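Dear colleague,

I am handing over the structure below, and I would be grateful if you could look through it alongside the notes that follow.

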Amino acid sequence: MVKLNILSINAHPHDFTHMAGTLGIHKAKGDNVTVVSLTPGTNVHNEKKHDELMKPESERDMDIINQPDDEIKKIKIEELEKACAVFDIDDVRVLDYPQPFRLSEFPEAIKSLADIILDTRPHVLIMQSPFPRAHHGRPGVSADDHIETALATIEAKAVAGVPGSEGIAPHSIATTLYPGVYFNNNEVDFTVDISDWFEKRVAAEEMYVSQGHTPEWSKRRMLVSLGNSGWFAHTLYAESFVREAPELVSEIPMSPLSIRSVEEPIMEKFERMIGEKGKDF
Ligand SMILES: [Zn+2]
């Protein structure tokens, strides 16, 4: 079986988490995994600063408000690196585009991403969804960064796919996926069972201290979000994906997990969906 090169291109450091368990599975199989964030996330999810600025001036903690951007940037990059390290992913590339990121202001982002595609030569690209939709985060915050990053990525794919002037072989990507968190459960194309990776997903979530991810918040968030995807696929915890285009296959694809789901005794299925890990919360 060929080793896959998998490239994940995100708007912000935290976006990686929406596919982290799946990437962990592939990394453990020996596939090559590269994680990219187009921005260091300096201006988004600075929850402490947000909360301080919402207070009357006399009550504000000026140490939090005056924390230099460079310091925040360093913390955000370290958080992503630590979250990736939970899954043994060590190829982490954070670009320095600012937020809000707008492709019209920084068209050079296309070349930055095309260079990464040409360097990593992915079979699989997991990118931000280009379809506008209410974001999963706080209303009105940072949602457009994802769409603008998606647009830059689409353009970068096109640039990488045609011969350039630098003597580098062009590269076309076999499969492009969007994380299922940007879609409804009935819109996803497939769901990856990450039940065995739940603890690592919680551990990765806890790395985002600057976003206010306490251990309690991290576990609760994973229980609900991964549990929601898992519930609809008849398992404990899962991550879902949407395909950019239909995949060419040699026969009707059929996963043993889908067959198990309809053939196992119902009470065994219920036990499985409670899980050993499910009993301890
Ligand atoms: Zn994001």
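A salt bridge, as the term is used here, is a side-chain nitrogen of Lys or Arg within 4 Å of a carboxyl oxygen of Asp or Glu. This is a predicted model, in which local features need pLDDT of at least 70 and side-chain atom pairs count only at pLDDT 80 or more, while totals for chains, interfaces and linings use all residues. Residues are numbered from 1 along each chain as its sequence is written, and side-chain values use heavy atoms, with hydrogens and water left out.

A search of the whole structure gives 16 salt bridges. One of them joins R102 to D144, with the closest N and O atoms 3.8 Å apart. R102 lies in the loop between β3 (91-94) and α5 (109-120), whereas D144 belongs to helix α6 (residues 143-160), so the pair ties together parts that are 42 residues apart in sequence; helices (H or I, at least four residues) and strands (E, at least two) are DSSP runs, numbered from the N terminus. With buried meaning under 20% relative accessible area, exposed over 50% and partly exposed in between (1.4 Å probe, protein chains only), R102 is partly exposed at 23%, and D144 is partly exposed at 42%.

A salt bridge also links E205 and R221 (3.8 Å, N to O), connecting helix α7 (residues 198-206) with helix α8 (residues 215-232) across 16 residues. E205 is buried, with a relative accessible area of 0%, while R221 is partly exposed at 22%. Through shared partners, salt bridges join R201, E205, R221 and E239 into one network.

Turning to pockets, the term denotes an open set of points on a 1 Å grid over the protein atoms alone, where a 1.4 Å probe fits, with protein on both sides within 12 Å along at least five of seven lines; lining residues have an atom within 4 Å of a point. The largest pocket has a volume of about 1,200 Å³, a volume being the space filled by probe spheres set on the points, which are joined across faces, edges and corners. Its lining comprises 36 residues, of which F190, T191, V192, R243 and S255 lie nearest the centre. Among the elements that give two or more residues to this lining are α1 (20-29), β6 (190-193) and α9 (256-263), and α9 gives the most, with 6 residues.

With kind regards
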